Amino acid sequence: MQHIAIAIPDPTRASLFGLPYWLIVAVGAVALFGAFQAYYWIGHKLGDTLYESRFGRKLPRERIRAVERVVEKWGALAVYACFWVPVLRHTLPWVAGALRISYPWYVVASALGCLTWVPVTSFALYSVIWGWLELAAHSPLAAAVTAVILITAVTAFVVWRRRRKGEKALAA
């Protein structure tokens, strides 16, 4: 029986647009850090009026309150943890500013988050894409079957989540 091995390219030798991949990841981390600082100061400056903004109106008030409770309970640790939770990653920085948590701690937590989350997710995504391309190079059929299975699984998950949300809304 033949063993199929998927070779994952060495990230230190990888490149994208002619630039070393590690440099693109580093620039991405710096850009995300800058965005997190901007979100904090926007939240800090606007305070409660932020909740009435176009972005604030898109989120249910109870979801914003839940984020506020997380920030109040965990402070800077919540800022670090928000990188790993999709909904929090997009709402917590401006809520932290509106709640005026300690900015020095916010900077430290957001810097640590950028230094860990960006490389982990970037290199993981890079490895998955290049692993799939390696599989496609050796066996286009196996790559196609893998893609179909992945798309089916993601679609089933999205449908399941939407049904579950609909059932919860009906129950309430």
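Of the 172 residues in the protein, 27% are buried. The model is predicted. The accessible surface comes to about 11700 Å², with 71% supplied by carbon and sulfur atoms.

**Contacts and nonpolar core**

- Counting contacts between residues at least 6 apart in sequence, 74% link residues at least 24 apart.
- The largest nonpolar core holds 28 residues. Val71, Leu92, Val95, Ala96, Ile101 and Tyr106 have the most contacts inside this core.
- Two or more core residues come from each of helix H1 (21-46), H3, helix H4 (76-82), helix H5 (86-98) and H6.
- Leaving aside residues up to four places away in sequence, alanine 96 touches Tyr40, Val71, Ile101 and Tyr106.

**Salt bridge in helix H3**

- The structure has 1 salt bridge. It pairs the side chains of glutamate 68 and arginine 65, with an N to O distance of 2.6 Å.
- Both glutamate 68 and arginine 65 belong to helix H3 (residues 61-74), where they are 3 residues apart, about one turn of the helix.
- Glutamate 68 counts as buried because its relative accessible area is 6%, under the 20% limit.
- Arginine 65 has a relative accessible area of 38%, which lies between 20% and 50%, so this residue is partly exposed.

**Helix H6 and its surface**

- A nonpolar surface patch is formed by Leu125, Ile129, Trp130, Trp132 and Leu133, and together they have about 470 Å² of accessible area.
- Isoleucine 129, one of the patch residues, sits in helix H6 (residues 103-138). With 43% relative accessibility, isoleucine 129 is classed as partly exposed.
- In soluble globular proteins, nonpolar side chains tend to be buried together.
- Tryptophan 105 is also located in helix H6. Its relative accessible area is 57%, over the 50% limit, so tryptophan 105 is exposed.
- Tryptophan 105 and glycine 75 are 30 residues apart along the chain, and their C-alpha atoms are separated by 8.3 Å.

**Loop between H5 and H6**

- Arginine 100 is found in the loop between H5 and H6.
- The phi angle of arginine 100 is near 55 degrees, a positive value in a residue other than glycine. Most residues other than glycine have a negative phi.
- Arginine 100 is partly exposed, at 46% relative accessibility.

**Annotated segments**

- An unreviewed UniProt entry carries the annotation "transmembrane region" for residues 21-42, 74-92, 104-129 and 141-160. Such annotations may be inferred rather than shown by experiment.
- Residues 74-92 are 79% helix and 0% strand, and here the end C-alpha atoms are 12 Å apart.

Key: Residues are numbered from 1 along each chain as its sequence is written. This is a predicted model: local features need pLDDT of at least 70, side-chain atom pairs count only at pLDDT 80 or more; totals for chains, interfaces and linings use all residues. Side-chain values use heavy atoms; hydrogens and water are left out. Patches are made of residues with over 30% relative accessible area and no salt bridge: like charges are joined within 9 Å, nonpolar side chains (Val, Leu, Ile, Met, Phe, Trp, Tyr) within 5 Å. Accessible areas come from the Shrake-Rupley method with a 1.4 Å probe; for residues, only the protein chains shown count as cover. A salt bridge is a side-chain nitrogen of Lys or Arg within 4 Å of a carboxyl oxygen of Asp or Glu. Helices (H or I, at least four residues) and strands (E, at least two) are DSSP runs, numbered from the N terminus. Buried means under 20% relative accessible area, exposed over 50%, partly exposed in between (1.4 Å probe, protein chains only). A nonpolar core is a set of buried Ala, Val, Leu, Ile, Met, Phe, Trp, Tyr and Cys residues joined through side-chain atoms within 4.5 Å. Contact means heavy atoms within 4.5 Å.
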